[in-house]
Each structure stands twice: as C-alpha cells, then as structure tokens.
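Here is a brief report on one chain. It covers confidence, core and pocket in turn.

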Amino acid sequence: MNLYHCQIDLQHEAKALAFASAVEQWMEYLKGRGAITGWRLLRRKLNLANDTCKDFLLEIEFESMTQLDQAFRILGEHDEEVARLYANVNALIARSDFGLYRPFPDPERAERMALI
C-alpha cells in the first residue's frame with residue numbers, strides 16, 4: 001500500500017464543512033472508479049501542532065503505483081464532472097504540501113532481510 005499525504009490550509013473565507021463535503025465527493029468519485037483504495041480527512045485538534053503543520057490532513061490510499069497513476073490520469077481527462085469535482089476542492093485550498101509514503105519495512109524488504 002502507498003499513502004499520498006496532503007497537508008492543507010484553506011482559503012481564509014472557505015468553510016471547513018464545505019471543504020469536507022467537496023473532498024468526500026471527489027474522493028468517493030475516485031474510489032468508485034477504482035483509482036484509490038481509501039481515504040480519510042483529519043483536522044488538527046485543539047491547535048496542538050507546530051507552525052509547520054497545516055490545519056487539515058488528507059490521506060489517500062493506493063494499492064500500487066499503477067493505481068496512483070490511474071488517479072492522475074483521471075484528473076487529466078477532459079470530463080466536466082472530473083473538472084467540477086476537482087475544482088470544488090482546489091478552489092478552497094490556500095496552501096498544501098504533499099508526500100508519498102509506504103509502510104516500512106515493506107513486505108518485499110522484510111522478506112529480503114529474512115533471507116540474510
């Protein structure tokens with residue numbers, strides 16, 4: 001499994017519940033098309049974080065890099081529904097940082113280490 005990790009701050013005038021709804025619609029669309037395995041949206045609690053942490057954390061699960069590539073291909077489609085769903089999320093975001101993570105040690109690495 002691969003985990004696409006997005007830290008997000010909203011536009012000043014953006015409403016958190018509107019953002020959550022837009023994310024849900026976009027993620028469930030991708031999930032319905034088989035482009036993602038799962039997702040979760042989290043919000044910082046009690047402002048317990050340092051200055052580098054953003055207000056929201058969106059984690060998107062992919063079984064493989066092929067599935068991640070499929071999600072990006074969907075985004076590149078010239079489809080009105082895709083454009084609308086993506087724009088509804090993107091318009092509310094002021095700043096974001098991204099990273100791609102995997103479980104560690106991953107099964108392949110653990111298997112190789114067991115052989116040593």
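## Confidence

What pLDDT does the chain average, and what share of the residues score at least 70? This is a predicted model. The chain averages a pLDDT of 91. A score of at least 70 is reached by 92% of the residues.

Among the elements, helix 1 has the highest mean pLDDT, at 98. Helix 4 (residues 107–115) has the lowest, at 62. Where pLDDT is low, the predicted coordinates should not be read in detail.

## Nonpolar core

The largest nonpolar core holds 26 residues. Ile8, Phe19, Trp26, Met27 and Leu30 touch the most other members. Helix 1 provides the largest share, seven residues.

Which residues does Trp26 contact, leaving aside its neighbours within four places in sequence? They are Leu75, Val82, Leu85, Tyr86 and Val89.

## Largest pocket

The largest pocket has a volume of about 400 Å³. Its lining counts 21 residues. Closest to the pocket centre are Tyr4, Trp26, Ile60, Tyr86 and Phe98.

Helix 1 gives the most to the lining, with five residues. At least two residues each come from strand 1, helix 1, strand 3, helix 2, helix 3 and strand 4 (93–101). By class, the lining has 19 nonpolar residues, two polar and no charged ones.

Methods
Residues numbered from 1 in each chain as written. Predicted model: local features only at pLDDT ≥ 70, side-chain atom pairs only at ≥ 80, totals over all residues. Heavy atoms only, no water. Core = buried A, V, L, I, M, F, W, Y, C linked by side-chain atoms within 4.5 Å. Buried < 20%, exposed > 50% of the residue type's maximum accessible area, 1.4 Å probe, protein only. Helix = DSSP H or I, 4+ residues; strand = E, 2+ residues; numbered from the N terminus. Contact = heavy atoms within 4.5 Å. pLDDT = per-residue confidence, 0-100. 1 Å grid on protein atoms, 1.4 Å probe; cavity = no way out; pocket = protein on both sides within 12 Å on 5 of 7 lines; lining within 4 Å. Points joined across faces, edges and corners; volume = space filled by probe spheres on them. Nonpolar A, V, L, I, M, F, W, Y, C, P; charged D, E, K, R; others polar.
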